[in-house]
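I opened the notebook on this entry to look at how its parts meet. My notes follow in the order I looked things up.

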Amino acid sequence: MGFLTALAVNVVGGAVIYGTGGLGVGLVAPWLGFGSAGIASGSMAAAAQSYYGNLVAGSIISKLTAAAMVAPTP
């Protein structure tokens, strides 16, 4: 489950970041579990982060986290 969740978060997140120029992050990030307080416990984003462990700067998950913390998401 961890690999498939991490793959889904990266595919959807990458499509939103690169396909829309980041304009869709505010809509998709909360659905994946990214919010203004960071990654929500028990979410798809949390499962993906636990699969990867330490994330490097510039990864899709770190970009989604940063964008969601700046954007007005729930």
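I count two residues as in contact when heavy atoms lie within 4.5 Å. The model I am reading is predicted.

**Division.** The protein chain splits into domain 1 (1-32) and domain 2 (35-73). I noted 10 Å between the C-alpha centres of domain 1 and domain 2.

**Contact.** How many residues of domain 1 are in contact with domain 2? I found 16 of them, meeting 14 residues of domain 2. Then I checked the area. Domain 1 and domain 2 bury about 1,400 Å² between them. Carbon and sulfur atoms carry 78% of that buried area.

**Polar links.** I searched the interface of domain 1 and domain 2 for salt bridges, and the rule finds zero. For polar contact, the rule finds four residue pairs across this interface, both residues at pLDDT 80 or more.

**The domain 1 side.** Which helices supply the side of domain 1 that touches domain 2? Helix 1 (2-19) and helix 2 (25-32) each give at least two residues. Helix 1 gives the most to that side, with 11 residues. I sorted the side of domain 1 that touches domain 2 by class: 10 residues are nonpolar, six are polar and none are charged.

**One residue.** I picked F3, which sits in helix 1. Is F3 buried, partly exposed or exposed? Its relative accessibility is 49%, so F3 counts as partly exposed; the exposed class starts over 50%.

Technical notes: Residues are numbered from 1 along each chain as its sequence is written. This is a predicted model: local features need pLDDT of at least 70, side-chain atom pairs count only at pLDDT 80 or more; totals for chains, interfaces and linings use all residues. Side-chain values use heavy atoms; hydrogens and water are left out. Domain bounds come from an automatic or database domain assignment. Buried area is the accessible area (1.4 Å probe) that two parts lose on being put together, summed over both. A salt bridge is a side-chain nitrogen of Lys or Arg within 4 Å of a carboxyl oxygen of Asp or Glu. A polar contact is a pair of N or O atoms within 3.5 Å; within protein, one must be able to donate a hydrogen and the other to accept it, and residues adjacent in sequence count only if both atoms are side-chain atoms. Helices (H or I, at least four residues) and strands (E, at least two) are DSSP runs, numbered from the N terminus. Ala, Val, Leu, Ile, Met, Phe, Trp, Tyr, Cys and Pro count as nonpolar, Asp, Glu, Lys and Arg as charged, and the others, Gly among them, as polar. Buried means under 20% relative accessible area, exposed over 50%, partly exposed in between (1.4 Å probe, protein chains only).
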